[in-house]
Amino acid sequence: MNINKQELKKIIYDFNRISNRLLRVDFTDYSLVLKKFLNYIESTELIWAVIIDAGKPSYDVAKEVQKISGYSNKLLNLGDTEREEITNIYYVLKYCSDNTIDIPHELTFAYSSSTKWQDKTREFNTRVVLVLINNIEAYLTKVGIDMGLDENTKYSITVNNGQVNLASDSAKINATQNNGVDIKKIESLITNIISNIDVATSLEDRQQIEESLEMIQTELTSPKPKKV
């Protein structure tokens, strides 16, 4: 499998986007977004290779799911090694998706003392799904480092009195007034920044950066933008 730097950046960008969506999903939409997450993994050769390389699950997935289903106080067995974490979590999620098992209502009970299903879903995502995401992300980061994508690029973004300033390191990218601004051009710049976030950046930091950029996009369309 041969990919260039641009293709790798796109893979990392797309994986982060679908991962963020699953981590933040409303519990009522969980099955739909999970299916999209799994489809992306399975259709992306570089990421699918991580799953294949991890091997088979360390237990009978169907029995493990049954063990923690419903109002059980047991947690999912993630495994003892990184490989086991990858394969166990992936195949549990795959099994649930293929068998229309409602994860928020069936597997999350023991992950939070909250009575709200959204809280339980969020904790399950944090303690289970995020482990899989972080392991895949670590692999992609190492591939990126080997390809020379680990150069740090710092971005400065400010909105002040309707003027938007985007800068890479010390270089000014753009400054324009909200009055008559070319929104599409600004959005293109923001998208470019997101896709070029350092591959070594943690998922949590990347989420914060993307949230800030999304807020800027919202303010750009406002007649009286707030300072951010």
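Predicted model: local features only at pLDDT ≥ 70, side-chain atom pairs only at ≥ 80, totals over all residues.
Colleague: Good to know. Which residues of α5 are buried?

Modeller: The buried ones are Ile86, Thr87, Asn88, Ile89, Tyr90, Val92, Leu93, Cys96 and Ser97.

Colleague: And what do those buried residues pack against?

Modeller: They pack against α2 (30–43), α3 (45–54), α4 (61–68), α6 (103–106) and α7.

Colleague: What follows α5?

Modeller: Thr100 follows α5, and the phi of Thr100 is positive, near 45°.

Colleague: Let me pick one from your list. What does Leu93 touch, leaving aside neighbours within four places in sequence?

Modeller: Leu93 is in contact with Leu34, Leu38, Ile103, Phe124, Val129 and Leu132.

Colleague: Which residues touch the most other members in the largest nonpolar core?

Modeller: That core has 45 residues, and Phe37, Leu93, Phe124 and Leu132 touch the most other members. At least two core residues come from each of α1, α2, α3, α4, α5 and α7. Helix α7 gives the largest share, with nine residues.

Colleague: What does Ser97 touch, not counting residues up to four places away in sequence?

Modeller: Ser97 touches Leu34, Lys35 and Leu38. Take Leu34: Ser97 and Leu34 are 63 residues apart along the chain, yet their C-alpha atoms are separated by 7.2 Å.

Colleague: Let's talk helix pairs. How do α4 and α5 pack?

Modeller: The angle between α4 and α5 is about 80°, and their axes are 10 Å apart. That makes α4 roughly perpendicular to α5.

Colleague: Which residues make that contact between α4 and α5?

Modeller: Val61, Ala62 and Val65 of α4 meet Tyr91, Val92, Tyr95 and Cys96 of α5. By class, the contact of α4 with α5 has seven nonpolar residues, no polar and no charged.

Colleague: How about α2 and α3, what angle do they pack at?

Modeller: About 95°, with the axes of α2 and α3 5 Å apart. The two helices are therefore roughly perpendicular to each other. Tyr40, Ile41, Glu42 and Ser43 of α2 make the contact with Glu45, Ile47, Trp48 and Ile51 of α3. Those residues divide into five nonpolar, one polar and two charged.

Colleague: And α1 with α7, at what angle do they pack?

Modeller: Helix α1 (residues 5–24) and helix α7 (residues 117–146) pack at about 175°, with axes 11 Å apart. That makes α1 roughly antiparallel to α7.

Colleague: Which residues meet there, between α1 and α7?

Modeller: On the α1 side they include Leu8, Ile11, Phe15 and Leu22, and on the α7 side they include Val129, Ile133, Ile136 and Leu140. The contact of α1 with α7 has twelve nonpolar, four polar and one charged residues.

Colleague: Now a loop residue. Where is Thr108 found?

Modeller: Thr108 is found in the loop between α6 and α7. At 0% relative accessibility, Thr108 counts as buried. Leaving out residues up to four places away in sequence, Thr108 touches Ile103, Trp117, Lys120, Thr121 and Phe124.

Colleague: Let's zoom out. How many helices and strands does the chain have?

Modeller: The chain has nine helices and three strands. From the N terminus on, the order is α-α-α-α-α-α-α-β-β-β-α-α.

Colleague: What percentage of the chain is buried?

Modeller: Buried residues make up 42% of the 228 residues.

Colleague: Last one: among contacts between residues at least 6 apart in sequence, what percentage join residues at least 24 apart?

Modeller: In this chain, 64% of those contacts do.

Note on methods: Residues numbered from 1 in each chain as written. Heavy atoms only, no water. Axes fitted to C-alpha atoms, helices over the stretch in contact; angles between N-to-C directions. Helix = DSSP H or I, 4+ residues; strand = E, 2+ residues; numbered from the N terminus. Parallel < 35°, antiparallel > 145°, perpendicular 65-115°, else oblique. Contact = heavy atoms within 4.5 Å. Nonpolar A, V, L, I, M, F, W, Y, C, P; charged D, E, K, R; others polar. Buried < 20%, exposed > 50% of the residue type's maximum accessible area, 1.4 Å probe, protein only. Core = buried A, V, L, I, M, F, W, Y, C linked by side-chain atoms within 4.5 Å.
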